[in-house]
Each structure stands twice: as structure tokens, then as C-alpha cells.
Amino acid sequence: MSVFDQQATRKPPISQIGAVLWLKTNLFSSWVNTGLTAASLYLLYLIFPPLLDWMFFNASFSFGTINFFGFEIKFSEEMATNKNCGRVGACWPYIYEKLYMYTYGFYPRTETWRPNTVFALTALLFVIIPLVKNYKYKNRVILSLIIFYPIVSFVLISGGFGVLTVVETHLWGGLLLTLVIASVGIIVSFPIGVLLALGRQSELRIIKLFSTIFIEFVRAVPLITILFMASFVLPLFLEPGNNSIDKLLRALIGIALFQAAYFAEVIRGGLQAIPRGQYEAADAIGLSYFQKNALIVLPQALKISIPNIVGSSISLFKDTTLVLIIGLMDMLAMVGLTTADPYWLGRETEGYVFVTIVMWVMLYSMSRYSKKLELRFNTENQN
Amino acid sequence: MKKIILDSIDKSQHRGLNFRNLLYNNEARAFFFQAVTFLIVIALFYSAIGNLFENIEQRGIQTGFSFLKNRAGFDILPFLGNYVVDYTPESPNLSVFYVGLINTLVVAFFGIILSTVIGLLIGIARLSNNYLISKLAGGYIELFRNIPVLLQILFWYNLFINAFPHPKQSFSFFDIAFLNQRGLYMPKPIPEEGFIFVALSLLIGIIAAYFIKKFYKKKHELTGIHTSTWSYTTALVLGLPLIVYLILGSPLQFDLAVLGKFNLKGGMTIVPEFLALAFALSVYTATYIAEAIRSGIEAVDKGQKEAAAAIGLSPVQSLKLIVLPQALRVAIPPTINQYLNLTKNSSLATVIGYPELMSSFGGTVLNQVGQAVEILGMAMLVYLVISLVISLLLNYVNKKMAIQGR
């Protein structure tokens, strides 16, 4: 009588496990795929070695001695000049020397602590808001932060209050100016956008007409025409002899109105997504128009539109670079300005690459954040 | 409905007009708020326009559109617009407007084509089951989407001017086209007598091919017999003009660019400003188009592909007949919106001096004449019309593509 004796299981063939399987299914599943893999490897070979050579291996890092929070870090005997940097690689000492310009523009060097404080406050804001998420009075805390943060920041940066000397807006520049324009643009345009969205959804025909015309007009034309309008035509609309409105303020008005139209469309999308029953229930319990919107409709509509609001803010952040066309010295404009310095002629590429890296890091993290928000709100809707 | 009922109750209970009644009457309130808004807007306009005229008078700025007839007096970078309008510095300002308009439309046209091609490739690559291709496409999207387009325009232009070779060391493509820091040199077509017939035959070929295709499609629908038409259509569209061209004895010659002592001579030059602008706009816009294409393809239910396979369609047929028609329904509206964005973004050319509407007309002419209201008004009107045309197109496409209920 034969007995069934179990044999040891054979190991799977090497081509069916681990890295080999992964390579086979993901890179070499067919002849076409193998060809594509080879082509992409060749593309990477074309792009990366020269790029890395330029950025690192052939680049000059002769910063001289850097004082980093009290630590002396010695890169080289002396800081490299434009000439001994050479042309084969990047000349990072140029960026190091102009870093101040890229960050603060012409802001007085003795007053740097003021924008620095604002930067720190901004960072703190992003830490505090998630922290108070479960706090009882979180709405009050967040609301007061949203109201006080811009005021404090504005007073700190522009001065004219107590010990703070006035720093004229034409001295603001670089990353500081970029952040000022973006945050003022967003903060100012948001309430206008809400009003416009409500106006466009309103039953009052004239209000609806005005809102619609404004939104559609602004969205149809490029931002640059609006910036030109703000910078050339707006002063003509003011009372003759009134020169109180400076270049930055004009640009901010243009950007805020422009962004308001885009916010309005985003929020309108949220308003339309609220079920009709919500409006009717609010009417039924006798809420006024203001109460209905402030307590029932807007909280829901805004929550739905948060991912799109963030997306629209990202677009605004990208669009802030356009202010260089009307002569404001934002971060991108600094490239042209600092390479016009006879000492650093012809270093535009380094400048553009540096600004690209800074901008990309900020925009990429913002877009990641908006993706995360979208995901979070999506799951909440499913439950 | 509700309002009418409430109002009728209101009216039946309190006959006669008292103030309190009026205060809580919906219609009265609506009228009041609208009247107030209307008055405020009118007052704002009135005071702004009043100030405008006063300011214009004080500063000695002209008004009206007579400046359009004045001599422009400046050179414009030679590009298509110049040749079409036949622009010289002696031309009036109105010509500058036309030159700018044409250049805007030209860059938008080529930008739209290029961005669609890149976007399609990247969007499909993003969904490839090849790991490397899909990640590269993802990297492309994340990289170029998160850099302001103005920065990209400046970057490519700077690279073009600084990193591309001098004319002497041009990149040469079989001595037919040359690329150097002064632009792309291409053979210039010179149509001779009789070339019009070649163009006509091309047109006839296209029309005939369209009708043949239509005829066989109808036949397919009626009888179920499928006829492959691509050989007829290629013969008509390509073969017919070619035959006419050869019969007439090649009535189209090419003027090739030749390397002179310092520079390339002859041929047709495409200025670096245009190349950098079209490239930057396309690369940037393509990231959005790629995302639209990807979400369109992903929106097609997996069951559709399985059903297509189950009824025996080949992968190509399944893609052509089942997946793409449904994917495009989702992908095309956002893509058309991106075309509008690209056209609007072309106005950023003013930073590199490509002579489109906002840089030649809204820039140089504005600086010379100073009539900001008229000039910017005209420029905005152009963009308004463009965006109106594109939204009409979008509505038409949406209507055409809407799922037809039966």
C-alpha cells in the first residue's frame, strides 16, 4: 500500500518573484515596452549628467567663509568672482552674494528683523491652525488670527508706528514682495469673491447682472491687461492731484479684483452644490437672507470649495510674477536687476534656476497640500 | 410660488399701505436693494469718468481714436505680422494693432497645436504600464505645472540667447534647416506661376476624401459592410496635389538659408522670441492638457473595455471605437479651456519682446501715445472676442458631445 508522502514545494522560478518579476512586468513586458524603457533611459542620460555637471560637479561653491548662526563654515579662502567662476558650471557665489536682494529687495539692512518676524509669524500660523483643530474655541482663534495676522504683518513691514521707521513700498522686493502680493491678494479678494458669488446667484436681477458682467469680463482678459489698467488708468479715475496711490497698491488692487472673479466662480460652484432643501429649510425657519447665508449656506459651500480655493490661490501665487511687467521688483525681477550689476554680468541662468527652485518648492508643496485636502473632503463626502 | 402665496396672505391681511408692511415686503426690499446698488455703481462710474476727463485735460492727453492714423515710427521685430501687414515705421498705429493681433493669433495657433501634441503624449504616457515612462510623464507634469509660466518664458528665452551656438556653429539639420541663437532658419517656399492649381487640387482632394468617407460610413450603417477607405483618402489628399505639382513642372521652389561670412543668409527665419514663447507656453499648457486626457481615459469604466474585448474587438478597435469617444467627452472641455488660457498667457510675450498685441500695441504704442484708456480698451476687446469665440466653440462641442438620450 502506497503512502502519500508530501514533497517539499518547489521554489517559484526566479523570473516570477522579487525584483526580476517587477522588472519584467513594469519595464520589459513586451518588445515595445523594452524599447520605451531604453528610450526613457537614454532621455534621462541626455538630461541628468549635463544638468548635474552644471549644477554641482563643474559649479563653483567658493563662498568664502560663511557665518551660519555663529558657526564659521569655511568653503574657500575668498569668495569667487564672476571671472574665476568660469562658464562651464553654475556660479553659486553670485546667488549667495545676491541672496539678500532675492529675499528682501532694497529693504534697509538694519530693519531685516521686521520681515523676518513676519516670515516666522507666517510659519507659526501654519503650525497653530492644525494644532487648534480640536480646541473648543477654534473658530474664534482662527478668525482672530486671520484678522490680526495681516494687520500685524503690515505694520511690521511698512512701519510708521512707534519705533518702527517707515519703509517705502518701492524698497520692498524679492521673496518678501512676492509673499506680500500673494497674501494680500488672497485675503482681500476672498470676501469680494464671496460677495460676487452670492451676487451672481442672487434673485435680484440688477445685482446678478453686475456680478455676472464683472466676473465674465475679468475672466476673459489676461491679468496683464488688468495690471496695465490698474497701473495706467486707475490713477486717472481718482480725483485730480491725488497721488496717494502708489505702484504697489495699484498692482494689489488689480490683482485683488482679478482674483476675486476667479474665487467667485469657485465659490459659486460650491453654492450650486448645496441641495435646494438647505435654502428652503433656512427660509422655513424664518432666517433672514444674511442669516441664511452666514449660518447655513456659506459654511457648507465654502467647505466644499476649499480644494478649489487652494487651487485658485496657487494660480494666484504663480501670477504674482507678472508684477515685474509693471516695474515691481519681485523675486523674478531680481534676476534681471542683479545681473545688470556689472560685477555679475551674464549670470541670468543661475538666477532663473535659483528662482525656479524656490518657486517650485513652494508651489509643489502647496499643490500637494491641496491634493491632500481634496482627498480628505472626498472621503468625508463618502461617509 | 412660495413668495406669491406669502405675498397674497400679506396683502389680504393688511389692506392699505403702511411703512411696516412695506419694510417686510419681499418685492419692496428687492427693489430697494437693487436701486441702491444701481445708484452706487452709477455714482462710482460717474465720478470716475468725471475724474478721468479732468485728469486727461490736465495732463494734456489726447482723446479719441485719431492716434490710430498717426505714424507709428518704430521698428517691429520682423515676424509674420510684419509681412502680412507690410509694416514699416512709416505705417500708422493701426497697422501696429494688426501686426500685434496677427502675431498673437500665430503664437496661439502654433502653441495650441504643440501643446495638444505634447499633452496627448504625456497624458497617455502617464497611464502607460511601463513604470519608467509613467513616472517620467508624472515628473514632467509636476515639474512644469509648478513653475510660473512667465519664469519659463524668460528661462527658455535666456537659454536660447545664451546657450545656443553662434551662427557659425549652427545646429544643422541636413543643411536644410539651421538652429542658432538668432533663431531657426528654414527654407523659404517661393510659389511660382501655377502653384495655385496645386493648392486648389489639395482642397479638392480633401473635400472628395470627406465625401468618400461619408459615403462608405453610410454604406456601413445601412448594410453592415465595412470598407477600408484610408487608401482612397491618402491618394486623394496627398497623391492628387503631387500629380498636379509634377505635371505643372514643380511650381514651388525653396530658398535655402546659406551660411555667409557672419550670419546665415536667405531662407525664412523664425525669431528666437517666437520659438521660446511658443515652446514655454506649450510645455506649460501641455501639463494641464495631459491631466485632462488622463482623467478622461480614467473616467471610462473598466467594464467598457472588458465588454469591447468580450464582443471580440481588437485592442486598437476597442481604443478607437469604445474608449476614446467616451474619454474625449470628458477631456475636451477642459482642454479647450486651456487653449483659452494659452492665448491669454501669450500676452506675457511682452517680457521678451515678441511683438504680439500687448507688447507692440499695448506696450510701445501706449508709451508713445499715452492714451491708455483707448489702447487698453482695444486690447481687452480683442481678448474678450477671442474668449467669446472659444466659449461658443466650447458650448458647441459640449452640445455635440452630450450623451444623446434615445
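## A loop residue in chain B

Asp86(B) is found in the loop that runs between helix H4 (80–85) and helix H5 (93–126) of chain B, where helices are DSSP runs of H or I with at least four residues, strands are runs of E with at least two, and both are numbered from the N terminus. This is a predicted model, in which local features need pLDDT of at least 70 and side-chain atom pairs count only at pLDDT 80 or more, while totals for chains, interfaces and linings use all residues. Residues are numbered from 1 along each chain as its sequence is written, and chains are lettered from A and ligands numbered from 1 in the order in which they are written.

Most residues other than glycine have a negative phi.

## Chain B as a whole

The secondary structure of chain B comes to 14 helices and eight strands. The radius of gyration of chain B is 29 Å, well over the 22 Å that the globule rule gives for 406 residues, so chain B is more spread out than a compact globule; this radius is taken over C-alpha atoms, and the rule is 2.2 Å times the number of residues to the power 0.38. Along its principal axes, the C-alpha trace of chain B spans about 95 × 70 × 45 Å, and buried residues make up 31% of its 406 residues.

An automatic or database domain assignment divides chain B into domain 1 (2–57) and domain 2 (80–187 + 256–401). The centres of these two domains, taken over C-alpha atoms, are separated by 48 Å.

## Two helices packed together in chain B

H5(B) and H13(B) pack with their axes 7 Å apart and at an angle of about 155°, where axes are lines fitted to C-alpha atoms, for helices over the stretch in contact, and angles run from 0 to 180 degrees between N-to-C directions. H5(B) is therefore roughly antiparallel to H13(B), since angles over 145 degrees count as roughly antiparallel, those under 35 as roughly parallel, those from 65 to 115 as roughly perpendicular, and the rest as oblique.

On the side of H5(B), the residues that make the contact include Phe97(B) and Leu101(B), and on the side of H13(B) they include Phe361(B) and Val365(B); two residues are in contact if their C-beta atoms, placed from the backbone, lie within 7 Å. By class, the contact has seven nonpolar, four polar and no charged residues, with Ala, Val, Leu, Ile, Met, Phe, Trp, Tyr, Cys and Pro counted as nonpolar, Asp, Glu, Lys and Arg as charged, and the others, Gly among them, as polar.

## Where the two chains meet

In the contact between the chains, 46 residues of chain B meet 40 residues of chain A. Among the elements that give two or more residues to the side of chain B are helix H3 (26–59), helix H12 (315–345) and helix H14 (372–401) of chain B, and H3(B) gives the most, with 13 residues. The residues on this side of chain B divide into 28 nonpolar, 15 polar and three charged.

Chain A has 14 helices and two strands. Its radius of gyration is 28 Å, well over the 21 Å that the globule rule gives for 383 residues, so chain A is more spread out than a compact globule. Buried residues make up 32% of the 383 residues in chain A.

Leu248(A) lies in helix H10 (residues 247–273) of chain A and counts as buried because it has 21 C-beta neighbours inside 10 Å. Not counting residues up to four places away in sequence, Leu248(A) touches Thr169(A), Trp172(A) and Leu328(A). Arg219(A), found in helix H8 (residues 205–220) of chain A, counts as partly exposed with 15 C-beta neighbours inside 10 Å, and its C-alpha atom is separated by 7.6 Å from that of Phe258(A), 39 residues apart along the chain. Arg140(A), in helix H6 (residues 138–158) of chain A, is exposed, with 11 other C-beta atoms within 10 Å.

How values were computed:
A residue is buried if 20 or more other C-beta atoms lie within 10 Å of its own, exposed if 12 or fewer, and partly exposed in between; C-beta atoms are placed from the backbone.
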